[in-house]
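Welcome! Please have a look at it first, and then read on.

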Amino acid sequence: MNQNVKQIIEGFDIKAFQNDLIGWFEKEQRDLPWRKNQDPYKVWVSEIMLQQTRVDTVIPYFNRFIEQFPTLESLAEADEEKVLKAWEGLGYYSRVRNLHAAVKEVKETYGGRVPNTAEEFSKLKGVGPYTTGAVLSIAYGIPEPAVDGNVMRVLSRIFLVWEDIAKAGTRKVFEEIVRQIISYDNPSYFNQGLMELGALICVPGRPSCLLCPVQAHCRAFHEGVQSELPVKTKKGKVKEVQISAAVLENEEGKILIHKRPNEGLLANLWEFPNCETPLTLENPKEQLRNFLRIEYGMEVELAQPFATIQHVFSHLIWNIVVYQGKIVGDIKETERLKLVDKQEIENYAFPVSHQRIWGLTPTTLKC
């Protein structure tokens, strides 16, 4: 055991803590669709969806996703376009691309059975320590730590840990703490109890300590410093990018859409043609027109902008000015550049920002 961890848990009543936490979770756990059974595939899907996304947002997506891909095999065999469409709106699309690749590997390598060891499961694409611990403990009852931001917040208060949770090394400290205090009798409810506590009671800012089932064990509460924890350094300034986009129509009334590259941000999602248009350069409309001429070899007539959209990522902000336009003459379609009927737009997977563009497009253009 790490000497630092040994000092942290010294004098801590592990058994009483386990009983209080698990007893509370048994009575108070939320009725969530992925808790209906311990199907490893469904637990896995839910944990991937819940990364950086609120539970209330995930529920309808999870239900639709499982309805469309009820088994690991059905997801493994599905076309990527359909998988991306089913995920549309949840964001962080690398999650579902990694999940899709990983279930294919499970089908081919493990006969469709989700591995039940940390060594095997953690090697799958997109599977980190948290997902490994969550899936193995919930689906298979294996005492493996599942430490995310919620759990670090809870444990930093319970054990009065002042280390910066934004640092990778701090997560390892908390993982070691969980290895020492996890219930071997019921690791599933122990890990889910910590998650639930962080979601409902031990929330950021001002936790509801008077309702907390493990208040008696919380060192931060007894010191009166629960609102000061966890320690987390703030990220640097988020980069802002100016973008011009266009909803372009040809003479037949079809709309031009473009598929993003195979790798990188929002990979393989469809979008309306767009480019970065720095304010330090020429008029954004001219920059966009020149981009379309050079990139796609086409001439366009652009009207005045009809919408301005801001879309915020965790590391980036897009400020998008949107134009309506007409394509002059013919264009050469490819696998990644298509003219589609307006009624077909909804069949393609678009990122949220471009769904908003279509939603704000004048009805005269949509009809």
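In which strand is the place of E271? E271 sits in strand β3. Please keep in mind that this is a predicted model.

**E271 and its surroundings**
- With a relative accessibility of 5%, E271 counts as buried, because the cut-off is under 20%.
- The side chain of E271 is joined to that of R260 by a polar contact of 2.9 Å.
- Apart from neighbours within four places in sequence, E271 is in contact with I257, H258, R260, F350 and H354.

**Strand β2 and its partners**
- Strand β3 (residues 270-271) pairs with β2 in the antiparallel sense, over 2 bridges.
- Within β3, W270 is the bridge partner of K259.
- β2 is also joined to strand β7 (residues 337-340) by 4 bridges, and these two strands run antiparallel.
- Opposite L256 stands L339 of β7.

**Helix α6**
- Helix α6 spans residues 80-87, and its buried residues are V83, L84, A86 and W87.
- Viewed down the axis of α6, the buried residues fall within an arc of 160 degrees, so they line one face of the helix.
- The cover over the buried residues of α6 includes α3 (40-50), α4 (55-68), α5 (72-76) and α7 (94-109).
- At the start of α6, D79 has a side-chain oxygen that reaches to within 3.1 Å of the backbone nitrogen of E81.
- After α6 comes G89, which has a positive phi, near 105 degrees.

**Where α3 meets α9**
- Two packed helices are described by the angle between their axes and the distance between the axes.
- For α3 and helix α9 (residues 129-140), the axes come within 9 Å and cross at roughly 145 degrees.
- This crossing of α3 and α9 is right-handed.
- On the α3 side, the contact is made by P40, V43, W44, E47 and I48.
- On the α9 side, Y130, T131, A134, V135, I138, A139 and Y140 make the contact.

Terms used: Residues are numbered from 1 along each chain as its sequence is written. This is a predicted model: local features need pLDDT of at least 70, side-chain atom pairs count only at pLDDT 80 or more; totals for chains, interfaces and linings use all residues. Side-chain values use heavy atoms; hydrogens and water are left out. Buried means under 20% relative accessible area, exposed over 50%, partly exposed in between (1.4 Å probe, protein chains only). The arc is that of the directions from the helix axis to the C-beta atoms. Contact means heavy atoms within 4.5 Å. A polar contact is a pair of N or O atoms within 3.5 Å; within protein, one must be able to donate a hydrogen and the other to accept it, and residues adjacent in sequence count only if both atoms are side-chain atoms. Two strands pair if DSSP finds at least two bridges between them. Axes are lines fitted to C-alpha atoms, for helices over the stretch in contact, and angles run from 0 to 180 degrees between N-to-C directions. A crossing is left-handed if the near helix is turned anticlockwise from the far one by less than a right angle, and right-handed if clockwise.
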